[in-house]
Amino acid sequence: MKIALVVLGAPDSGLCHFRAQGFAKALETSSVSLQRVFFYGEGVLAAASDNSECMSAWSAIAATQGCDLVLCSASAETHNVLPPPDAFTIMGLGALMEAGHDCDRVVSFD
């Protein structure tokens, strides 16, 4: 089974990133494959330089699971997260639609 995650909330606005990271880490011990994590809206702030702890946690997840960390291009521009850190890429909403098509499940965290 393939899964994609959508992260909508800012790293400092509650438990959104903590729960999403916990979910992603739990997939490591299962037969489920994490394909992509798409950060939308304030979720792109995970890649901001002032959120280094959150950014490094996501980078570690991507390294161990081989998934893509994708920032929404419009959200990254709105929140001035340009250029993205090494582990992250910038794509449009088409990348989210592609994940929805290619994966068996899309799980969102807000």
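The largest nonpolar core of this predicted model contains 25 residues, and among them L34, V37, F39 and W58 are the ones that touch the most other members. At least two residues of this core come from each of β1 (2-7), α1 (16-27), β2 (33-39), α2 (52-65) and β3 (68-72), and the greatest contribution is that of α2, which provides five residues. In soluble globular proteins, nonpolar side chains tend to be buried together.

F39 shows what such a position looks like in detail: leaving aside residues up to four places away in sequence, F39 is in contact with V7, H17, V44, A46, W58, L69, V70, L71, C72 and F88.

When residues up to four places away in sequence are not counted, L8 touches C16, Y40, G41, E42, G43, F109 and D110. S30, by contrast, stands 22 residues from L8 along the chain, and the C-alpha atoms of L8 and S30 are separated by 25 Å.

Turning to the cysteines, a search of the whole structure finds zero disulfides. For C54, the nearest cysteine sulfur belongs to C16 and is 8.8 Å away, while C54 itself counts as buried, with a relative accessibility of 12%. For C103, the nearest cysteine sulfur is that of C67, at 10 Å, and C103 is likewise buried, since its relative accessibility is 10% and buried means under 20%.

Conventions. Residues are numbered from 1 along each chain as its sequence is written. This is a predicted model: local features need pLDDT of at least 70, side-chain atom pairs count only at pLDDT 80 or more; totals for chains, interfaces and linings use all residues. Side-chain values use heavy atoms; hydrogens and water are left out. A nonpolar core is a set of buried Ala, Val, Leu, Ile, Met, Phe, Trp, Tyr and Cys residues joined through side-chain atoms within 4.5 Å. Buried means under 20% relative accessible area, exposed over 50%, partly exposed in between (1.4 Å probe, protein chains only). Helices (H or I, at least four residues) and strands (E, at least two) are DSSP runs, numbered from the N terminus. Contact means heavy atoms within 4.5 Å. A disulfide is a pair of cysteine sulfur atoms within 2.5 Å.
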